[in-house]
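Hello,

Here is the structure I promised to pass on to you. Have a look at it first, and then read my notes below.

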Amino acid sequence: INDMEVLYASMVRLIKESLDIDRVAVFIIDPKTGILKGTYGVGPDGNIRAEHDYREVITDQHWTHDVMNSPIRTYLRENIPLYEKGIQIADGCWHTGSALWNGQTAIGFLVTDNLLSRKPPRSYQAEISSILGNTYGHLIHLKQTQLTLAESEEHHRILLNAIPDLVFRLDYNGNFLDFHSSKPGDLVAPP
């Protein structure tokens, strides 16, 4: 998967289908603004949907702090109301919140609940949510890094192609590794 949108939607689909979890949503923290942004999730009707319009400021009292203060960066809350766009839609449910952990920091959060089936949480619900948060956090971070590197390489390639001069790349021993020429006739000898 080379597209972040496809990755987020695939994560939601895999969790919903493979782990028999009613609803799941993936939220990413915008590193520039610190705002929590929606990606994809499962709506109250059980269908996967884009949730790009969801934006939330992380305040001092925000639920994400409870997640981060947990030893496993996950919490499970039982017998609570569930909300959709700020409106209570159910009562007496459970939900989990887990950090998408990249090994150093939270880059987002994974939320699951039992709105549709009302099944009680499994004994390992918090643990599996924590494992998913860590796994997906590392995967998202890896993909973001790969995409940033590819963009940087493309930028450098464009700059190099714009240079009219011959450019040679050498190793530390002075051996020629590669060259760039805007006109092949500029070379004294064939490549």
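Let's start with a polar contact: the side chain of Thr-96 meets the side chain of Thr-112 at 2.4 Å. Such a contact is a pair of N or O atoms within 3.5 Å; within protein, one must be able to donate a hydrogen and the other to accept it, and residues adjacent in sequence count only if both atoms are side-chain atoms. The side chain of Thr-96 also makes a polar contact with the side chain of Ser-129, at 3.2 Å. Thr-96 is buried, at 0% relative accessibility (buried is under 20% relative accessible area, exposed over 50%, partly exposed in between, with a 1.4 Å probe and protein chains only).

Before going on, please note that this is a predicted model: local features need pLDDT of at least 70, side-chain atom pairs count only at pLDDT 80 or more, and totals for chains, interfaces and linings use all residues. Residues are numbered from 1 along each chain as its sequence is written, and side-chain values use heavy atoms, leaving out hydrogens and water.

Thr-39 is buried too, with a relative accessible area of 4%, and its side chain reaches the backbone oxygen of Val-26 at 2.6 Å.

Now for the charged pairs. The whole structure holds nine salt bridges (a side-chain nitrogen of Lys or Arg within 4 Å of a carboxyl oxygen of Asp or Glu). One of them joins Arg-13 and Glu-17, with the closest N and O atoms 3.7 Å apart. Arg-13 is partly exposed at 34%, whereas Glu-17 is exposed at 57%. Another pairs Lys-119 with Asp-20 at 2.7 Å, N to O.

Happy exploring!
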